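Please open the model in your viewer and keep the sequence panel beside it. The stops below are given in the order in which to select them.

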Amino acid sequence: MAKSNIGNSALITRVNRGLILQAVRTLQPTYRAEVSRRTNLNPATVTGIVSDLIDLGLLQEVSGQQIQPLSTLGGRPPMMLQINASARKILAIDLEPDWIRVGLVDLNMSLLEYSEQAIDRQDEPGRVIDRICQLARQVLKRAQPDGIDGAAMGLPGLIDREKGILQSSTNMPKWRDVPIAAAVAKAIGVKPIIERATHLAAIHEDWVATDEPNSTKLILSLRTGIGMSIMRHGELYVGSRGFDGEIGHTIVDIDGELCECGSRGCLETFVSPTAINRRVRAMLKDGRCQAVKAAMDRGEQLRPELIYRLASEGDADSAEIVTEIGRYLGIAASNMVNLLAPDSLILCGSIDTADTLILNAIKKQIDRSALPKMREHLSVRLSAAKERSVLLGAAALVARDLFALPRLRYPGMNVHETMI
Ligand SMILES: [Zn+2]
C-alpha cells in the first residue's frame, strides 16, 4: 500500500475512534447499535473499533440488565458500553493569583483526590511553584495511582503554550516569563499542558453539555480576573497568537478608576475582589456595612466571599454591592450578546453563595441592555462546577487528547497531534 494511503487509513481510524468515544461518553451506558446510529458509522466498523478500545481499556462492557432491567422474556441481555472512567488519570492544576487548586481526575471528570491552598499574589513565583508541586505530590500520595496519563494547568494572564511559559499576569506582577510547565514537570514526572484559565472554563462547559453540540456559548468566568470565552459548535474561539477573552479590561466608564492594566474604568475596576473591598471600605467610612464590620471584628477577613455570604443571608448593604457587581457584568455581557446572539451565557467562578443574586442582576441588566431579538432565546445560567470549572477544564483538555478529539486550534501555531 502506498505510504499516503497508510497515513490516511490511520487518520480515519483515529477520527472514528474519537467519534465513537465521544458518542459513548454522551450516551453512556449505550448499545453498539446506538453508537452506530449516532456516528453514522456502519455496525462492523463500530464493532471493530469498540473491540480495540476495550483492549486499550478506554471502554468497558456492562450487562444491559445491570443498568436497566429489560422486560424481555428470558435470553441474554445485550451488553452495553460505557467509558472505563478509572482507566486514565489526569492531574489538573488551577493557579489563581490568590489560590491554588490541584486534583486527580478520572475520565468521567470525577475528582479522585483534591487539595487547595490560599497564596499571596505578591509571592515570588519560585515559592508559588514550590507550593503547587507540594500540593501535587500530596494529591498523588493520597490517591496512589499506578501512574498519571496527562496533566494540564490553568493559568491567569498571557502564556506561551509551546514553551510552557507564563509570560505575564496583571494580577501577579512578579511573574515575567516564568517557565512554569518545566518546573512542575520535575515534581510530577509529566509535563503539564498549560492553558489560559478562561479557555479551560469554556472547555469544561462544552465537555459537560453533551446535549448542546451545535450551540454558541459565552462562558463568563468571574475569578480574581474576569474573562469570557466563546465556544461555538464545540470549538473554542481563540484570538491572534492565542490571546482573547479579556472582557475584564473592556471599558465601562471612560473616566473611571485606574486599573491594574494601566487603563481607566475597566470592568475589573468595578467587579474584581480589590474593587469590592475598596467599595466596602468606602461604605464602612460612611457608617454602612455594619454586618461586615461585625464579621471583621470577629476575626473574619474582608474578602468578596464574606460579602457574598452576608448578601445571601439577607444583609441589605452586602446585597447592594453584589447587585451592583451583577449590573456591571450584565452591561459587559449585553455588549457581547448584541455582538454574537449566543444560545447561552454561563457564569462560573468563585461566586460562592451569592450566585443567584449575581445571576439575577445580570439577567435583569441583559433584559434592559441587549436587543430583544438577540436575547429572546438566550439561556443565562450558573455553571454546576462553579470555582472548580477551570480545574475540571484542565482535565477535560487532557481527556480531549486521550479521546483523540481535535486539538484546539491556535492561529499561526503548530498543532501537535497525539494518538491514543
Ligand atoms: Zn484593565
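The model is a predicted one, in which local features need pLDDT of at least 70 and side-chain atom pairs count only at pLDDT 80 or more, while totals for chains, interfaces and linings use all residues. Residues are numbered from 1 along each chain as its sequence is written.

Staying here, you will find Pro 78 in the loop between α4 (64-67) and β2 (79-83); helices (H or I, at least four residues) and strands (E, at least two) are DSSP runs, numbered from the N terminus. Leaving aside residues up to four places away in sequence, Pro 78 touches Tyr 31 and Gly 64, where contact requires C-beta atoms, placed from the backbone, within 7 Å.

Next, select the five strands of the open sheet, which is mixed in its pairing and ordered β5-β4-β3-β6-β10; two strands pair if DSSP finds at least two bridges between them. β5 (111-118) and β10 (193-196) each have a single partner strand and stand at the edges, so one side of each lacks a neighbour in the sheet.

Finally, select β3 (residues 90-96) with β6 (residues 150-155), which pair in the parallel sense over 5 bridges, and look for Ile 90 opposite Gly 150 in β6.

How values were computed
Two residues are in contact if their C-beta atoms, placed from the backbone, lie within 7 Å.
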